[in-house]
Amino acid sequence: MSNTGFKVRFDENGDIVDILGGGCLKSTPEEKVRQRFIETLINEYHYPANTIRREVPIQHGSKELRDKDGNPVRADIVVYASKAACLNRDQGKINFVVECKRNKVEDGYAQLVSYIFNTSANGGVWTNGDGTVFYRRERTRTAFKSSRRPPVCRGAVKDGRMGGLRA
């Protein structure tokens, strides 16, 4: 993530004010990383806020994935192909998925891969605020390639659809 000068906003109770919706979120180290990366997606990579969602349930077929404790599996950030896809949480129209970890944490690659393979995502991003790695699906759709390039939005929104990960 670049240093754009963005500072996570807090309310009078110490909760984070969500950059996407303005609601209050529990202040955790991971949430701070997530808010900073959402800001980067909007202001540096030029994705419209209305194509980005946080805490998106991941499905396998028609069933919502659950962890070993029975809790819903959720992607930290999902960037959709259009505003309509975002509003409908359309897993068939996901550009990429972002997995956020708190600073100093380095796991989560397998988690990111499972999100990508259970959706239509063309790739993914892993970040802990200190480092960021970009992944792109290979043409076979069964393998990934790391990329130095960030997921910069291709062009303007046309017909309600967005560009995706740039090659």
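Start by colouring by pLDDT, the predictor's confidence in each residue, from 0 to 100. Confidence is highest in α2, at a mean of 95, and lowest in strand β10 (residues 144–147), at 77; helices (H or I, at least four residues) and strands (E, at least two) are DSSP runs, numbered from the N terminus. Now select residues 156–167: the pLDDT there is below 50. This is a predicted model, so local features need pLDDT of at least 70 and side-chain atom pairs 80 or more, while totals for chains, interfaces and linings use all residues. Residues are numbered from 1 along each chain as its sequence is written, and side-chain values use heavy atoms, leaving out hydrogens and water.

Next, show A75, V78, Y80, I94, V97, L112 and Y115, which touch the most other members of the 18-residue largest nonpolar core. Such a core is a set of buried Ala, Val, Leu, Ile, Met, Phe, Trp, Tyr and Cys residues joined through side-chain atoms within 4.5 Å; buried means under 20% relative accessible area, exposed over 50%, partly exposed in between (1.4 Å probe, protein chains only). Helix α3 gives the largest share of this core, 4 residues.

Now pick Y47 and F96. How are their rings arranged? Their centres are 5.4 Å apart and their planes at 70°, so the pair is edge-to-face (rings of Phe, Tyr and Trp, its six-membered ring, pair with centres within 6.5 Å; planes under 30 degrees apart are stacked, over 60 edge-to-face, the rest tilted). Y47 is buried, at 1% relative accessible area, and F96 is buried too, at 0%.

Conventions. Contact means heavy atoms within 4.5 Å.
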